[in-house]
Amino acid sequence: MGKYVIAGNWKMNKTPAEATALIEAIKPLVKDAACDVVVGVPFIDIPAALEATKGSNIGVAAQNCYWEKSGAFTGEISADMLREMGVKYVILGHSERRTYFGDTDATVAKRVRGAIDAGLTAILCVGEYLEQREQGITAEICAMQTKIALEGVSEEELKQIIIAYEPVWAIGTGKTATAEQANEVCAQIRDVIAGLYNQAAADAVTIQYGGSMNAGNAAQLLAMSDVDGGLIGGASLKAEDFATIVAAAK
Ligand code: PEP
């Protein structure tokens with residue numbers, strides 16, 4: 001299916017000095033990776049991360065961006081600012097942003113547009129809450145989030161999109177979706193993409209699974225037909241564990 005991408009989401013962890021140390025530890029362990037490797041770092045760590053990853057096979061992601069290019073938006077960071085620094089990816093619509101910081105499907109869509117226009121690759125997170133899974137509406141929730149975020153995104157621009165299926169109940173909880181559950185929803189999202197665009201575009205898009213993926217369960221999840229990589233939180237903060245996950249993505 002899509003190209004394999006393993007991305008770490010460091011969340012609000014690591015100072016710049018700690019970021020450098022972690023990347024220096026990761027670098028030799030992933031240098032022969034068969035997949036794309038990304039570290040998603042706090043804004044303040046971006047210069048250190050870009051410096052530490054220079055000349056390596058590791059890309060740097062921000063964890064959010066604002067949709068306007070510039071202006072009176074105190075505290076915000078634009079996609080253009082990230083791009084000029086050398087950032088290649090931006091994580092958008094993470095459930096923690098949706099739950100704690102008021103992101104909605106509509107604002108996620110604007111952020112996606114801003115990221116695309118700036119030439120970034122957006123890692124677009126979608127996923128259901130536990131109650132929604134229990135109500136049997138996981139497919140509908142993920143389809144809706146995907147469709148709203150991709151409104152106005154052309155087939156060409158879709159090449160700048162990675163989708164991360166992240167069931168909210170599995171994030172940071174140690175509760176992983178089974179490989180079958182992860183694959184089922186990733187396949188449903190791929191069908192949504194086929195409906196919006198066409199089958200070739202759907203086959204080419206990278207769809208990651210995220211939610212307590214770790215060194216022990218990565219191989220099984222990544223072996224599934226519709227899982228093209230992972231968005232990794234906790235386990236991305238340990239160099240060996242992250243490298244084990246990267247090695248499992250073949
Ligand atoms: C995440 O934050 O995207 C994530 C998947 O976290 P964790 O791996 O810790 O569940």
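A crossing of two helices is called right-handed if the near helix is turned clockwise from the far one by less than a right angle, and left-handed if anticlockwise. I wrote that down before opening the structure, which is a predicted model.

**Entry 1: helices α7 and α8**

I looked up helix α7, residues 138-149, and helix α8, residues 179-196. Their axes come within 10 Å and cross at roughly 45 degrees. I then checked the hand, and α7 passes α8 in a right-handed crossing.

**Entry 2: helices α1 and α2**

Next I took helix α1, residues 16-30, with helix α2, residues 46-53. I noted an angle of about 25 degrees and axes 9 Å apart. Angles under 35 degrees count as roughly parallel, and therefore α1 is roughly parallel to α2. The crossing of α1 past α2 is right-handed.

**Entry 3: the ligand and its surroundings**

Which residues come nearest to the ligand? I found 14 residues around the ligand, and K11, E166, G172, S212 and G233 come nearest. I sorted the shell by class and got four nonpolar, eight polar and two charged residues.

I went through the oxygen atoms of the ligand. One oxygen atom has a polar side-chain atom of H94 at 2.8 Å. For G233, I noted a polar backbone atom 2.8 Å from an oxygen atom of the ligand. A polar backbone atom of G234 lies 2.9 Å from an oxygen atom of the ligand. How much of the ligand does the protein bury? Taken alone, the ligand exposes 290 Å², and the protein buries 95% of that.

Definitions and conventions:
Residues numbered from 1 in each chain as written. Predicted model: local features only at pLDDT ≥ 70, side-chain atom pairs only at ≥ 80, totals over all residues. Heavy atoms only, no water. Near = heavy atom within 4 Å. Polar contact = N/O pair within 3.5 Å; in protein donor to acceptor, adjacent residues only side chain to side chain. Areas by Shrake-Rupley, 256 points an atom, 1.4 Å probe, with all protein chains shown as cover. Nonpolar A, V, L, I, M, F, W, Y, C, P; charged D, E, K, R; others polar. Axes fitted to C-alpha atoms, helices over the stretch in contact; angles between N-to-C directions. Helix = DSSP H or I, 4+ residues; strand = E, 2+ residues; numbered from the N terminus. Parallel < 35°, antiparallel > 145°, perpendicular 65-115°, else oblique.
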